[in-house]
Amino acid sequence: MSDLQFFLYLLPFVLALSWTLNFLKRKNPLPNLPPGNKGLPFIGETIGYLKPHPATTIGKFMEQHIARFGKIYKANLFGEPTIVSADAGLNRFIFQNEGKLFESSYPSSIGGILGKWSMLVLVGDLHRDMRNISLNFLSHSRLKAHLIREVESHALLVFETWQENCSFSAQDEAKKFTFNVMAKQILSLNHGEAETEQLKKEYINFMKGVVSAPVNLPGSPYRRALKSRTAILDFIEMKMEEKIKKKKMMNDGSEQKEEDDLLGWVLKYSSLSTEQILDLILSLLFAGHETSSVSIALAIFFLEGSPSAVEQLREEHLMIARAKQQLGEKELNWEDYKKMEFTQCVINETLRLGNVVRFLHRKALKDVRYKGYDIPCGWKVLPVIAAVHLDSAHYDHPHLFNPWRWHQNGNNRGGISSSATNSNPTIGHNFMPFGGGQRLCPGSELAKLEMAIFIHHLVLKFQWKIADKDQAFVYPFVEFPKGLPIEVQRLSFGL
Ligand code: HEM
Ligand SMILES: *[C@@H]1O[C@H](CO)[C@@H](O)[C@H](O)[C@H]1NC(C)=O
Ligand SMILES: *[C@@H]1O[C@H](CO)[C@@H](O)[C@H](O)[C@H]1NC(C)=O
Ligand SMILES: *[C@@H]1O[C@H](CO)[C@@H](O)[C@H](O)[C@H]1NC(C)=O
């Protein structure tokens with residue numbers, strides 16, 4: 001027997017022995033991976049996973065995989081072995097263990113376009129510091145004292161331009177509104193000014209790249225978006241230099257005005273580098289206007305199909321407006337906002353059914369065991385929040401727009417049978433449109449405020465109908481392909 005033959009003869013025994021030793025050494029013997037396909041190498045099942053589908057559904061891919069494997073399954077997505085979770089409990093567990101068992105892990109193309117210092121891709125201390133800035137900036141007290149007025153004045157500017165009986169894109173109008181709110185808050189840019197419009201144009205190119213395939217070739221949307229990114233950053237940097245110059249010019253004796261846009265705030269209170277500030281501003285502009293504008297478009301869409309909800313909204317907002325009229329007040333304040341109870345039901349229902357953010361990107365930092373399944377260290381984990389919101393185990397008739405399901409007292413107007421009212425006490429528990437834990441969206445209160453104020457003036461000033469059939473799709477960014485064309489007529493309540 002030659003050495004080689006001897007070696008080959010022994011090999012199975014050696015392997016068996018090392019395998020056995022390994023087996024004994026491991027705390028968890030064989031990982032019990034969730035069921036699922038491996039898919040093609042590299043591309044895997046990504047194409048199927050990302051295939052466009054209506055926003056109020058989870059799509060064929062999810063449906064088929066859940067039917068076949070259950071709510072937790074493995075797949076090969078974005079070039080990596082991945083656990084997909086449509087399970088409310090696991091999603092919550094992931095959010096609660098951010099930084100401990102899991103951490104944010106967005107594809108590198110997102111970092112390429114939003115920047116390596118963008119909050120979405122940052123982890124650890126730097127994430128915490130930037131998050132703190134955003135939280136301070138979007139705090140409850142600022143919303144109450146300052147942002148509510150800004151939001152209302154920008155809503156009114158948009159409604160002023162609406163023409164009767166001619167079709168226009170509701171989605172574009174909502175984008176104008178939320179973009180102008182953010183541009184004012186972040187950079188003190190005023191509505192309608194040339195530089196605001198210029199920034200908006202660059203921004204639209206930028207967005208097209210964010211939603212496109214990350215192919216960095218001449219002429220590709222991704223390449224053009226990277227160019228727009230540079231233009232936007234140059235613009236922000238110019239604003240930054242302006243601010244610093246202004247500050248220097250002020251005499252030490254003169255009273256210094258409190259900086260009230262985010263850029264001024266960051267320059268004054270943080271020790272971030274210029275590069276970091278630029279990425280922070282850019283990603284706030286991105287996170288702060290796409291999502292809330294699409295949510296507003298979705299509300300316009302769902303409400304058009306639910307006349308009884310519009311009627312009840314009108315009642316609620318007329319009551320608020322008439323009370324203000326008697327007091328001689330004009331601008332909405334926090335007390336008015338707090339009275340918008342049914343509106344909050346409409347907002348929650350819109351977020352539940354429309355699911356502007358479908359799923360999040362995470363990875364396991366350790367071997368994790370959940371409900372008997374093993375999630376190996378280093379694997380990607382995708383909590384699919386949309387799948388929970390559209391799950392009949394959690395919401396009766398999940399595909400129906402039914403704002404009354406959110407009524408705390410279960411009182412049920414609008415003529416929907418009481419079986420559609422959701423008496424499930426865990427309803428709030430499984431509702432995670434803003435994510436959760438240490439990455440819970442810091443803009444959630446602003447987003448709801450924007451939706452409520454927009455709805456207030458919408459239902460009091462207009463009735464509307466869809467001018468050309470349209471439906472929100474997941475591309476995977478949620479969008480109305482035709483822009484949601486609507487036609488409006490003015491209403492007059494003598495206000
Ligand atoms: C309806 C509107 C909105 C929805 C559905 C939404 C949803 C979300 C979700 C799900 C996350 C978590 C991402 C993750 O964990 O990986 C998030 C994060 C974030 N959102 Fe929002 N958002 C909305 C509006 C806003 C607004 C108006 C702002 C800012 C003005 C904003 C700023 C942010 C920021 C900065 C983060 C990153 C937080 C972090 O990483 O700690 N969002 N958002
Ligand atoms: C967050 O910001 C506040 C206000 O600027 C500051 O007092 C606090 O120390 C910051 N916290 C952290 C963890 O940086
Ligand atoms: C729009 O159409 C309605 C109903 O057809 C009509 O009453 C109204 O006068 C029209 N408004 C304008 C500005 O044309
Ligand atoms: C809407 O959802 C939030 C959770 O995001 C919950 O705290 C709130 O009570 C809900 N509002 C209504 C009216 O049910």
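1. A donor is here an N, O or S atom within 2.8 Å of the metal, and because water is not among the atoms, sites may look incomplete. The model is predicted. In it, the iron atom of ligand 1 has a single protein donor, the SG atom of C441, 2.2 Å away. C441 belongs to the loop between α17 (385–389) and α18 (444–461).

2. Three strands form an open sheet in the order β1-β11-β12, with antiparallel pairing. Its edge strands, β1 (53–54) and β12 (478–479), each pair on one side only. Between β1 and β11 (residues 473–474) there are two bridges, and P54 stands opposite F473 of β11.

3. The whole structure contains 24 salt bridges. In one of them, the side chains of K116 and E275 meet at 3.8 Å, N to O. K116 lies in the loop between α5 (108–114) and α6 (124–137) and E275 in helix α12 (residues 274–287), so this pair ties together parts 159 residues apart in sequence. K116 is exposed, at 54% relative accessibility, whereas E275 is partly exposed, at 44%.

4. K324 and E329 form a salt bridge at 2.7 Å, N to O. K324 is buried, as its relative accessible area of 5% falls under the 20% cut-off; E329 is partly exposed, at 35%.

5. A salt bridge also joins the side chains of K465 and E487 (3.6 Å, N to O). The pair links distant parts of the chain, with K465 in strand β10 (residues 462–466) and E487 in strand β13 (residues 485–490), 22 residues apart. K465 is partly exposed, at 43% relative accessibility, and E487 is partly exposed, at 23%. Elsewhere, salt bridges with shared partners join E98, R362 and R439 into one network.

Conventions. Residues numbered from 1 in each chain as written. Chains lettered and ligands numbered in written order. Predicted model: local features only at pLDDT ≥ 70, side-chain atom pairs only at ≥ 80, totals over all residues. Heavy atoms only, no water. Pairing = 2+ DSSP bridges. Helix = DSSP H or I, 4+ residues; strand = E, 2+ residues; numbered from the N terminus. Donors = N, O, S within 2.8 Å, 3.2 Å for Na, K, Ca; no water. Salt bridge = Lys/Arg side-chain N within 4 Å of Asp/Glu carboxyl O. Buried < 20%, exposed > 50% of the residue type's maximum accessible area, 1.4 Å probe, protein only.
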